[in-house]
Amino acid sequence: MSSQELVTLNVGGKIFTTRISTIKQFPASRLARMLDGRDQEFKIVGGQVFVDRDGVLFSFILDFLRTHQLLLPTGFSDFVRLQREAFFYELDSLVDLLNQHLLQARPALLEVHFLNRSTQTFFRVFSSCSKTMEMLAGRITMFVEQRAAPIWNSNSFPPQMTLLQLPPQRPSYHDLVFHCGSDSTTENQTGIRYVSIKPDNRKLANGTNVLGLLIDTLLKEGFHLVSSRTISSEDKSECFVFQRIKSPELLTISKTPKLETTIKPEQPQKKK
């Protein structure tokens, strides 16, 4: 195969190499027109076509160009963002396929793992919907006690404690991890971790109280409890499963009509 038959794209930092014929699968698409250099969204940098868009989502778009099929991984939830990319590349066939997904109500699943160990309680939340995780991450805040720096003449006074604000851990777009209770930060220093969940805003150190507030928050967001089970009675480890039937998100695109330039033939000048 000649190198002239291939094209390399840098989409948001991710590199893709494919046939030019694959890019031109849909002649009316913006992708098919990008190789002529007239579209300012596509720039040639170091022999590669640079596109300032989401590279992860482009992998699904390229797979669609190759197979004419929409195959997405289990638990995929970014249909609206992928449809937005399909609109950008003007792939009408892919937009229509995504509309079929968006018009179907899809259940959002969420699991809360609750582990109680002596003076500490650990929480791990998993959801099939990344937007749900973004909502919870924006509401949940941890605070940890820290001793203030001692003052030279304050030996007779107990050290003052300050609260340091910490965000919950995000191992992935679908995970959220945090814990509360006693927290040994060093050999000579023991603090307390508190958890605050908006809009309640109380700082709670007791894991049972945090669990109750978290479940109450999920119920108010439209989730309902499907099942609960004890994973380990010795460690007091439990798992709660929630479900919410999501209303389909309809994406309305208002396209600004492109101005068409009409080139009129030059009129011959009349001879005087």
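The structure is a predicted model, for which local features require a pLDDT of at least 70 and side-chain atom pairs are counted only at pLDDT 80 or more, whereas totals for chains, interfaces and linings use all residues. Residues are numbered from 1 along each chain as its sequence is written, and side-chain values rest on heavy atoms, with hydrogens and water left out.

The protein chain has a mean pLDDT (the predictor's confidence in each residue, from 0 to 100) of 80, and 78% of its residues reach 70 or more. Secondary-structure elements are DSSP runs numbered from the N terminus, with helices (H or I) of at least four residues and strands (E) of at least two. Confidence in the protein chain is highest in strand E2 (residues 14–19), at a mean of 94, and lowest in strand E9 (residues 175–186), at 79. Over residues 248–268 the pLDDT stays under 50, and the model has 16 contacts (heavy atoms within 4.5 Å) beyond four places in sequence for this stretch.

Four strands form an open sheet in the order E2-E1-E4-E3, with mixed pairing, where two strands are taken to pair if DSSP finds at least two bridges between them. The edges of this sheet are E2 and strand E3 (42–45), each of which pairs on one side only. Neighbouring strands are turned against each other by 30° on average, direction ignored, with axes fitted as lines to C-alpha atoms, for helices over the stretch in contact, and angles running from 0 to 180 degrees between N-to-C directions. Strands E3 and E4 (residues 48–51) run antiparallel and are joined by 4 bridges; within this pairing, Lys 43 has Phe 50 of E4 as its bridge partner. Helix H3 (residues 55–67) packs on the sheet, where it touches strand E1 (6–11) and E2, and its direction makes about 10° with that of E2.

Phe 26 is located in the loop between helix H1 (20–23) and helix H2 (30–33). When residues up to four places away in sequence are not counted, Phe 26 touches Ala 32, Phe 64, Leu 65, His 68, Leu 91 and Ser 93. The C-alpha atoms of Phe 26 and Asp 92 are 9.1 Å apart, although 66 residues separate the two in sequence. In helix H6 (residues 130–139), Ser 130 counts as buried at 6% relative accessibility, the classes being buried under 20% relative accessible area, exposed over 50% and partly exposed in between (1.4 Å probe, protein chains only). Beyond its neighbours within four places in sequence, Ser 130 is in contact with Ser 77, Asp 78, Tyr 173 and His 174.

The whole structure holds 9 salt bridges, each defined as a side-chain nitrogen of Lys or Arg within 4 Å of a carboxyl oxygen of Asp or Glu. In one of these, Glu 85 is joined to Arg 53, with the closest N and O atoms 2.8 Å apart; this pair links distant parts of the chain, since Glu 85 lies in helix H4 (residues 79–88) and Arg 53 in the loop between E4 and H3, 32 residues apart. Glu 85 is buried at a relative accessible area of 3%, whereas Arg 53 is partly exposed at 24%.
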